[in-house]
Amino acid sequence: MPDTDHASSRAESAAPEQAAAVRRTRFQDLEVKVAHLHGDEATKPPLSRRELRQLGRVRRFGAAGAILMAFAALGAGAQPVLQNPVTGMRVFGLPARMTTVSLTLGITGTVMVMLAWLMLGRFVLGSFVVQSAPRRISRGQLDYTLLLWITPLLLAPPMFSRDVYSYLAQSEIGARGLDPYALGPAQALGVDHVLTRTVPNIWRETPAPYGPLFLWMGEGIASLTGYNIVAGILLHRALAVLGVLMIIWALPRLARRCGVDPVVAVWLGAANPLVIFHLVAGIHNEALMIGMMVVGVELALRAIESSAPLVRGNLLLMLAGVLIIVLSSTIKIPSLLALGFVGMALARRWGRGVLSMAAAAALLGAVAVTGIAAMSLISGLGFGWVNTLGTANAVRSWMSIPTLAGLATGQAGVLLGLGDHTTAILNVTRPIAAVIAGLIILRMLFSTHAGRLHAVGALGVSMAALVFLFPVVQPWYLLWALIPLAAWATRPVFRVPAIAVSAIISVILMPNGAEYPAWTIVQAVLATIVTFAALFAILYSRSAWREFFDESFRGHFSPQRT
C-alpha cells in the first residue's frame, strides 16, 4: 500500500512538469514555424528592353485607374456635407449628380490599380506560379511607378473613410482650448457646426482616441485653415504622404538588414494598394504612426547592430530611434510595441542574462516615460488620451477574430431561440484573445533576445497577432504587421496569402467610406464586370498584352529578348 501511495504521489508531481513540457514544445513549434518564414534573398539583373516596354504598359494601366478613382471621388468619394468645392460646377460637379456612374468608375479604378499592382509583381517576384523572376525591376523604376499612381489622388477628395473629418473637428476642439479627450464634436462645437456636420454620426459624441502629438499637429492645421475644410483635408493628406515617405525610406533599409531584396519589400509594403487607397487617398494617421515606427526601428537597430561601441554618436543614434518610436505611439499607441523588440535586441547585445534585459528595459522605459510625458505636457492636452484608447471598441468589426466569434455565437443563439447574448459573449472572447496575443508577443520578445528571430520579423509577427486578435480591425490596420513583415518574411507561405489578402481587402470598401443603397451597389458592380470583360477582351486581343498575361499567370517565362 505505501508503494502505491508513493507511485501515485510521483505521478501527481510529474503531471505539472509534463504539462509544462507540452507547453514548451508548442511554443518551440510556433517559433520554428515563424523562423521558417524568412530566408535570405538574392538580387536579380535589371529588366530587358522587352520587359521595360511591358512595365510601361502596366504603369499606364495603373495610372489610368488612379485617374478614374480621382474623378469618381468627386461624386462617390467621402465628400464634405458643406463646403464641397465642386457643387454646382458643370463638369466637376457632374459625378455627384450621377451616383451609379461615379460608383462604377470608382470601383473600376480601384480594381485597375489593384490589378496593376499584381501585374507589377511580375517584375518583382516573377510568375505567381513559380515565383522566380529571372530579372527584377530597379528601386528607381519602382519608386517612379508608385509616384505615378499616387499623384492623381493627392488633390482628390478623401476616399474609403471619413475619419479625416473627425481629425478636423477634434483638432478644432483642442485649438479652442477645450479638452478633446472629454468632449465630442457635437458637445464642444455644436451639432450644426460646419466641422461637425461631416463627422460620421457614430463619432459625433465621442472624444478623440488619438495621441497628443497627432492632435497637436491637428491644432496647428486648424490654426492655419480655420473652418476651411478643403485646406484642412489637403494639409492632413500632406501629413499622411510624409508618413508614406518615411515608410519608403525605412523599409528598404530594414530589408537589407534582414537579407531581403529591398525592391520586393517596397513593392509588397509601400506600393501595396492598402497604402495607396487608405493611407494616401483615405488620409489615415496610420501613415505617420507606421512611418515613424519603422524609421525609429531602423535608426535604433543601426546603432545596436553596429560593430562600433555603443557610446557617443552611436548611443545618441539609438536613443534618437527610440524617441521616434515613442513619439509615434503618441499618434496611435500600438507602435509602442516596437520598443520592446528594440529593447530585446539591445539586451542581446549586452548579454543574454536577466540583468541585461532589466537594464535595457530601464533605459528604454525611462525614455518612453519621459517622451510621452513631455509630449502630453508640451501639447497642453495632458494625459486624458490614456482614458480614450478603447473608444474604437464600440465598433463591431467582422475582421477581428474574437469579435467575429462573438457575433457568430450571438447570432446562433438568436436563431436557436436563446436570445441575443452577443455583448456577454464578446466580454468573454475579447479578453481571451487579448491573453493569447499577449502570450504570442511575449514569446516573440524572448525569441528576439535569444537570437532565434530578428527583431523586425518578431515585431511583424507580434503586430499580426495584435491586429487579428484586436477587438476592432479595419482594413488599413493590416499594414501594422504587413510593412515590417515585408522587410523580413520571404517564403511563399507568407507572401502568397499577404498578396491575396491585400488585393481582396483593398477593394471591398465603398469609395465614400459608408454604404450605398443595395441596388446602387449591384448596378455599379455589374457595370464594373461588363467594363472589365470588355477591357480584358481588347487587351488580350493584342499580342503584347497576351504574352504578358500568359507569363504572369501561367508560370511561363520567355527567354531574354530585347
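Modeller: Let's start with Glu 305 and Arg 257, whose side chains meet in a salt bridge at 3.2 Å, N to O. By salt bridge I mean a side-chain nitrogen of Lys or Arg within 4 Å of a carboxyl oxygen of Asp or Glu. Glu 305 sits in the loop between α11 (286-304) and α12 (312-329), while Arg 257 belongs to helix α8 (residues 229-257), so this pair ties together parts that are 48 residues apart in sequence. The helix labels come from DSSP runs: helices are H or I with at least four residues, strands are E with at least two, and the numbering goes from the N terminus.

Before going on, a word on where this comes from: it's a predicted model, where local features need pLDDT of at least 70 and side-chain atom pairs count only at pLDDT 80 or more, though totals for chains, interfaces and linings use all residues. Residues are numbered from 1 along each chain as its sequence is written, and side-chain values use heavy atoms, with hydrogens and water left out.

Back to our pair. Glu 305 is partly exposed, with a relative accessible area of 37%, and Arg 257 also counts as partly exposed, at 25%. (Buried means under 20% relative accessible area, exposed means over 50%, and partly exposed is in between, using a 1.4 Å probe and protein chains only.)

Now look at Glu 298 and Arg 302, whose side chains form a salt bridge too, at 3.1 Å, N to O. These two are four residues apart in helix α11, so about one helical turn separates them.

The side chains of Arg 176 and Glu 172 meet at 3.1 Å, N to O. Arg 176 is partly exposed, with a relative accessible area of 36%, while Glu 172 is buried at 7%.
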